[in-house]
Amino acid sequence: MSNTAPIAMPTPTGSAKKPQNVQKEDAMWLQKELINKNYMELATARANNRKVSATFVPGNLNELLMCFDFARSLPETNALQNGMRKKSGKMIMDAERDGQSEDVCTYVKADLGMMMGGEVGPTGDPMPRPDILLLSYTGCFTFMKWFELIRHKYGCETVMLHVPYQGEGKIAPNMRDYVVKQLKETVIPTLERISGVKFDIDRLRQYMRESVKAEEDLVRVLQSAKNRPSPIDGYFGAVYYIGPIFTAFRGTPDATQYYATLRAEIDERVRLGLGPVTPEGSMGEEKYRLVVEGPPNWTSFRDFWKMFYDEGAVVVSSTYAKVGGLYDFGFRHDPDHPLESLAEYCLGCYTNLNLPSRVDMICKYIDEYQADGLLINSIKSCNSFSAGQLLILREVEKRTGKPAAFIETDLVDPRYFSAANVKNRLESYFQMVKQKRTYGHPDPGHLARAIPIHAN
């Protein structure tokens, strides 16, 4: 499963209250309020006579869905939110008892388990049944099977937007035209019929004007990690930063305000020469600069992050922070060509890139962000991300001369996170990086340490 959903740390329903033992930037609290606001809109959708859509994060057509006044649910985000709140373990086991295989994506099982538990969402508020399932296929076959199961349970309509895979590493004009044709002939007419709202392309253009503002500021924030010290963590911190733009707020003034606030905060940290904010306050000395491939583990998110900042390791860039859009490579939504822009957005998602493109991207990050090496967190139940990762590791190591390492956890299944094993693996990797700095090459055992370990 394409494990792509951005996070908001768990908070009570309503306003994001600030626990005294957790340190966050003001922008982090603001994004939590936005995420909670969307859950409240979903909880009150029926009372407000609103139709509900469900769609996935990579290639999501948020601006288009807003044109039809849908309340917008994202099943990946629901699953990871339940994982952060330590609810997903029971949901997964409930789904397995109902017949789902242990090898099925744990996002899927967490989502199905939530449905079996009475359709109560992560915040404790009710989750309405969707009226339409919008499937933008972007590199993950599991998306289709997931929505088949939801459609079977709820009997709701599904509309498919087939997005060609970037097998040759580029978007050809006929690929874009194919997606635009589907938008015009299938997707938009279906959304009009289900919502009862007539499509207004000028409304779409206005949403895209807001999207561009947010996208510009997000890129500025992510690229601030080129500074020494980096003012952000581009993996653990970035999951906060990408939350609004990768979910239900891209195209809204709320998102524009959020990213302007975030950019101002990060610019100030650069000016003051400060490192990232961690849950325990500002990080100490920056000792290691890493690029990370693969999503985080959500059920032990804070423990996982602590293993990094306790060692002075900061992630300066990550592929996970790009699954909802490769904005740092130049893409922006274009209000002058709105449907073509939606097509290019879907086609350009990270999970829709071939392996050579992913290798090129990671090598570019290692070079431009002056990283010490690559760490891959392989997700046990996700073929979309983990397939080919050992090939990526070896190719990046060969091309950059920087050491790489491999750990394995899972998305939202607590059974597949062994803190001791992961910590030992990371400590071994940091020793490898130090030896590389001292002697110009890692010790002879480094290739053995690149072999994946199972964290269960």
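**Close-up views of a predicted model**

**View 1. Helices α4 and α5.** The axes of helix α4 (residues 88–97) and helix α5 (residues 106–116) cross at roughly 85 degrees and come within 7 Å of each other. Here axes are lines fitted to C-alpha atoms, for helices over the stretch in contact, and angles run from 0 to 180 degrees between N-to-C directions. The two helices, α4 and α5, are therefore roughly perpendicular to each other; angles under 35 degrees count as roughly parallel, over 145 as roughly antiparallel, 65 to 115 as roughly perpendicular and the rest as oblique. On the α4 side, S88, M91, I92, D94, A95 and E96 meet T106, K109, A110, L112, G113, M114 and M116 of α5. Sorted by class, the contact of α4 with α5 has seven nonpolar, three polar and three charged residues. Ala, Val, Leu, Ile, Met, Phe, Trp, Tyr, Cys and Pro count as nonpolar, Asp, Glu, Lys and Arg as charged, and the others, Gly among them, as polar. Contact means heavy atoms within 4.5 Å, and helices (H or I, at least four residues) and strands (E, at least two) are DSSP runs, numbered from the N terminus.

The model is predicted: local features need pLDDT of at least 70, side-chain atom pairs count only at pLDDT 80 or more, and totals for chains, interfaces and linings use all residues. Residues are numbered from 1 along each chain as its sequence is written, and side-chain values use heavy atoms, with hydrogens and water left out.

**View 2. Helix α1 against helix α11.** Helix α1 (residues 26–43) packs with helix α11 (residues 253–272) at an angle of about 165 degrees, their axes being 9 Å apart. This angle makes α1 and α11 roughly antiparallel to each other. The residues D26, A27, L30, Q31, L34 and K37 of α1 meet D254, Y258, T261, L262 and E265 of α11. In the contact of α1 with α11, five residues are nonpolar, two polar and four charged.

**View 3. Helix α1 along its length.** The 18 residues of α1 should span 26 Å at 1.5 Å a residue, and this agrees with its end C-alpha atoms, which are 26 Å apart. The expected span of a helix is 1.5 Å times one less than its number of residues. Buried residues of α1 are A27, M28, W29, Q31, K32, L34, I35, N36, N38, Y39 and L42. Buried means under 20% relative accessible area, exposed over 50%, partly exposed in between (1.4 Å probe, protein chains only).

**View 4. N78 in helix α3.** N78 lies in helix α3 (residues 75–84). With a relative accessibility of 3%, N78 counts as buried. Apart from its neighbours within four places in sequence, N78 is in contact with Y39, S73, M114, P122 and M127. Among these, Y39 is one of the buried residues of α1, and M114 belongs to α5, where it takes part in the contact with α4.

**View 5. T190 in helix α7.** Helix α7 (residues 173–195) contains T190, which is buried at a relative accessible area of 9%. Neighbours within four places in sequence aside, T190 is in contact with I132, E157 and V159.

**View 6. Helices α8 and α13.** The axes of α8 and helix α13 (residues 338–347) come within 10 Å, crossing at roughly 55 degrees. I201, L204, R205 and M208 of α8 form the contact with P338, L339, S341 and L342 of α13. The contact of α8 with α13 has, by class, six nonpolar, one polar and one charged residues.

**View 7. Loop residues.** P229 lies in the loop between α8 (201–223) and α9 (238–241), and the peptide bond to P229 from R228 is cis, with omega near -5 degrees. N49 sits in the loop between α1 and β1 (52–55). Phi of N49 is positive, near 60 degrees, in a residue other than glycine, and N49 counts as exposed at 72% relative accessibility. Q370 is placed in the loop between α14 (355–368) and β9 (373–379). Phi of Q370, also a residue other than glycine, is a positive value near 50 degrees; Q370 is partly exposed, with a relative accessible area of 42%.

**View 8. Helix α17 and its end.** Helix α17 (residues 419–439) has 21 residues, which at 1.5 Å a residue should span 30 Å; its end C-alpha atoms are 30 Å apart, in agreement. V422, R425, L426, S428, Y429, F430, M432 and V433 are the buried residues of α17. After α17 comes G440, with a positive phi near 85 degrees.
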